[in-house]
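Please look at the sequence and the model below, and then read the notes by topic.

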Amino acid sequence: MTVVIRRALARALIVTAVPAAFLSAPSFAQTSAQQTAKDDNLEEIVVTGSRIRRDSFTSAQPISVVTSESIRESGSAIIGEVLLDQPNINPATNSQNSSSTLFLAGQTRADIRGLGPTRTLVLMDGRRLPFTDASSPAVDLNVIPSLMIDRIETIAGGASAVYGSEAVSGVVNIIMKKEQDGLEVDGQAGVTQDGDGAEYRAGFNWGGKALDDRMNILIGAEYGRQNKIMQEDRDELFPGIRRDTRVTPQTILNPTSRSNTSPFATFQLIGGALGTARSVTRDVRDNGLSIVRLSAACSTPTVQPDCQDPALFYAAVYNNLQGEFERGVGRLYADYALDNNWKLTFDGMYGNGRGYGIFQPAFSSAAGGGTMPVVLRGDNAFLAGNSTAATQLRAEWLAAGKTFTQGSTAQVGKFWQEFGGRNVDATREIFKLTPGFEGKFQAFGRDVNTDGYFQYSEVTGDTTSLNVPNILRVQQATDAVVLNGQIVCRDATARTLGCVPWDLINGASREAIQWANASSTTEQKVKQTVAGINFATDIIDLPAGPVGVAFGAEYRKEESFFAQDALGATGALFFNAIGTRAGEYSVKEAYGEIAVPLLKDVVMAKDLTVEFAGRASDYSSIGNTDQRRYNLQWAPVEDVRFRMTDATAVRAPNIVELFAPQSRNFTTTGIDPCDRDVFRSATPAQQQARLVTCAAAIPNYNPLTFISNFGTGRPSLALLQGGNPNLGPETAHTYQYGMVVEPRWIPNLSFSVDFFRYTITDSVGTVPINTLLGALCHDDRTQTYASNPFCAQIRRDATGTNGGAVPGGVIEVILLNQNIASTKVEGWDYSIQYGFHTEDMFGKDYGTIAMRVDATWMYQFASQGLPGQAYVQFANTITNATPEWKGNASVRWTGDRLSLTWSTLYYGSMIASQAQQQGVLAPFKTGDYFRHDLRGTYKVNDMVSVRGGIVNLFDRYPPALPEVFTGTGTGSSQYDNRGRYFFFGVNMTL
């Protein structure tokens, strides 16, 4: 249970609120509130991280607080974007990257410390929210009406003993408004300086009393929309940059070709070793009337970094910087007082959202292989045609030594733009019903506070993936021949199904496109049932104060269903074959907490309190687990408080990790150890091992000539991935200690410093692809290739005719979920704030000034892919979005009617890749990044206020490194990629 903090504290927080006001240490405002509590004997409160009622806001763990005013003044229509400014929050799924996902378009998720959204527990009023997607279980913050939020409290680490699974890295607790007198209407709109990426949000709240004030009602609704931003609409970011992999250090290349969307194909006429290939393509610069030879850089089996031919298709025109989505949410809260001690409560919420994913068209590689390999045969009917392009291509065909027969072929490289982009239309609907009660009764002469609730939530949704062509139909349609004087598809069965020949040389007809095109749909349903009861009381009075306890029990059932259409599930389309996955599990839990004040108001112990929390769980999926937490608070004097937390946590594997069927996915990060370029750069020991293992895997293997079918600049590698019902829980040990200083001789100054360490073991994951390919298989000399179980997960094509593209190419790699990984995270959190009234300092009232700086120094984020392996350091790397230093500073001036806030967001310089050494990449570091924002609010009268601001005042874009340039990756999305943004809003109360 989390109740509303006393009004005195709430008012104080509002006074000093700044956008993303992170109150990780007791603030000027909190100090005032605590004094008010002492003087006025106000009611006890419950703060996030504990269910014990206490008489102050002090906590053994740092709590970050974002107020409702901060959310409103941020200018963002998305709650998650506000949280992202906190130093302890890392980017995950958000508006800059969700539109490039298959099922999460329009979602925003919280990720504490970069350990993943599945390890961050999101609560509403101390109670769980349902997962909002069956394909990737986590909570979408967009389902919550932001106008009804009172504040958001975040605790990093040490909360699993109180709240249960998923609280490994911490808890985000969204505390909602419970009452209001009258009507509040709010509207806001914003747009970038380029006129795109518009955001809109409008909503209302109404609250009142009834039935002799025994009934309290609060109702509200909200609509929000965000428009897309395309990369080609930003001169600063289009067409992108790339690394020149031919030189060391790898410098930056700036493409000159910008906006070609050619629907025509390239034809690989001569294969073989580097430098002997010849590719030709239709030249769209010349009205599409001629065939041109591509440059040497563009016609090699692996396209070179300096390939610039304008006749080629450049996929950057399909890249988006910000996705498009809209949402509508509503909430009803009511409580009815039965008497002075007991009341009934109800909280209901409904929401729906629609997100749009934007993808480049389907593609085929001129190197062969991949998802949709296509060839042009010598007897193709359109190759024999009378067009200028056909005549010129026949000349190139003969010059390459080919014949006009069925067996003489050329691999086709093509973006199939005729189909259009593989865009995604994802819709979701959620409702949550939570009836409950709150009360107080006497037991053994003590007041016992209790609350109980039943909660049922359901999320439904469907996703339509457009323009994902039928692979076989594309291959059948492009294999056109002349039969009885007519151009038809060669395959007789295809002809009976209405196959329409596709002209690869001059362009396809509308009928051919329609016959080969397809779409894939998925449906999902997530259900969550929760029932819980909590008790809190004081059991005994000690000289230092009462011993507080809290205890309770909870039952939870999670159910998930996800199904793909029958054709898509077969793998017949240019789309992931996912199939159907469904599962459920339940858990019964009991918890207890105790806080024991040992000393109070004695020498060197203004306060000394120890706390213990424990939780026992019984899962239907993984059996029994337990979690515990120890807290210690010691204030030797009134001005200084030390705090320490030692806790364990577990995360039960979710339904997807447990029950997902094995399905096909793809990766572009895989590197074949047997490839000649990779072999050449290997160590002598690796080369000796690979001479044996690669020879065992690849017929007639030659390390000087073998060119793999996947790797940098080549087609993606197919993966077979899926769940594992035998998974166990992830376990974690978190440790924090720090101090808070509030010197009496400097009123309204406070600062804090806190150390944190997380150690997570048995993490659910798959063996890293390159670890499997390299260290565990081809570099392992302790066993033979045939007996190595990891090598058995690599399926090679001995002949090159079964999907591997080349003899010895890889068809797919099998990667299933396992409890294998470990992670260590370590660093420090810092916070300092100071506020003053100008009249106290200057003798005249010019308003009040509030200043604050929050920063995180995370110098370790190390991951171990497999037990016994060395840890790999990801801290301060783009890969894991963990800058060593991240900070947020703000200065706020508040006058009688006007308030102005300047805030600065800082990311320290990060390295481009933990896998590369200094000197391999140039530039190697991002450089320090600053984003400055200016916001203001003006109170027109007691009922109306207006606000506005400029986000990214100096128009800063992501650093000029290919790894972060567009700001659309998980790590790079922490950088603002839309440029300068203006917003304006109005709030009215009646």
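## Structural briefing

The largest cavity has a volume of about 310 Å³. This is a predicted model, in which local features need pLDDT of at least 70 and side-chain atom pairs count only at pLDDT 80 or more, while totals for chains, interfaces and linings use all residues. Residues are numbered from 1 along each chain as its sequence is written, and side-chain values use heavy atoms, with hydrogens and water left out.

**Cavities**

- Rolling a probe the size of a water molecule over the atoms shows where empty space is left.
- A cavity is a set of points, on a 1 Å grid over the protein atoms alone, where a 1.4 Å probe fits but cannot get out. Grid points are joined across faces, edges and corners, and a volume is the space filled by probe spheres set on the points.
- By this rule, 17 cavities of 30 Å³ or more are counted.
- The lining of the largest cavity is made of 24 residues (lining residues have an atom within 4 Å of a point). E81, R931, V951, D976 and R978 are the ones that lie nearest its centre.
- At least two lining residues come from each of helix 4 (79-83), strand 41 (898-907) and strand 42 (929-939). Helices (H or I, at least four residues) and strands (E, at least two) are DSSP runs, numbered from the N terminus.
- Sorted by class, this lining holds seven nonpolar, 10 polar and seven charged residues. Here Ala, Val, Leu, Ile, Met, Phe, Trp, Tyr, Cys and Pro count as nonpolar, Asp, Glu, Lys and Arg as charged, and the others, Gly among them, as polar.

**Disulfides**

- The structure holds three disulfides, a disulfide being a pair of cysteine sulfur atoms within 2.5 Å.
- C489 is joined to C499, with an S to S distance of 2.0 Å. C489 lies in strand 24 (residues 486-489) and C499 in the loop between helix 8 (492-496) and helix 9 (510-516), so this link ties together parts that are 10 residues apart in sequence.
- The link of C489 and C499 is left-handed, with -80° about the S-S bond. Both cysteines are buried, a term that means under 20% relative accessible area, against over 50% for exposed and in between for partly exposed (1.4 Å probe, protein chains only).
- C674 is joined to C694, also by a disulfide, at 2.0 Å from S to S. C674 lies in the loop between strand 31 (663-667) and helix 12 (676-680), and C694 in helix 13 (residues 684-697), so the pair ties together parts that are 20 residues apart in sequence.
- The torsion about the S-S bond of C674 and C694 is about -90°, and therefore this disulfide is left-handed. C674 and C694 are both buried.
- C777 is joined to C791, with 2.1 Å from S to S. Because C777 lies in helix 14 (residues 769-778) and C791 in the loop between helix 14 and strand 35 (794-797), the pair ties together parts that are 14 residues apart in sequence.
- The disulfide of C777 and C791 is right-handed because its S-S torsion is about 115°. C777 and C791 are buried.

**Salt bridges**

- A salt bridge is a side-chain nitrogen of Lys or Arg within 4 Å of a carboxyl oxygen of Asp or Glu. The whole structure contains 57 salt bridges.
- E222 and R327 meet through their side chains in a salt bridge (2.8 Å, N to O). This pair links distant parts of the chain, with E222 in strand 8 (residues 215-226) and R327 in strand 16 (residues 324-337), 105 residues apart.
- E222 is buried at a relative accessible area of 5%, and R327 is buried at 4%.
- R796 and D672 form a salt bridge (2.9 Å, N to O). R796 lies in strand 35 and D672 in the loop between strand 31 and helix 12, so the pair ties together parts that are 124 residues apart in sequence. Both R796 and D672 are buried.
- D933 forms a salt bridge with R935, their closest N and O atoms being 3.4 Å apart. D933 and R935 are buried.
- A network of salt bridges links R72, K177, E184, D186, R201 and R947.

**A sheet**

- Strands of a sheet pair through backbone hydrogen bonds, either parallel or antiparallel.
- Strand 4 (residues 149-156) and strand 5 (residues 170-176) pair in the antiparallel sense over seven bridges. I155 stands opposite V171 in strand 5.

Definitions and conventions
1 Å grid on protein atoms, 1.4 Å probe; cavity = no way out; pocket = protein on both sides within 12 Å on 5 of 7 lines; lining within 4 Å. Pairing = 2+ DSSP bridges.
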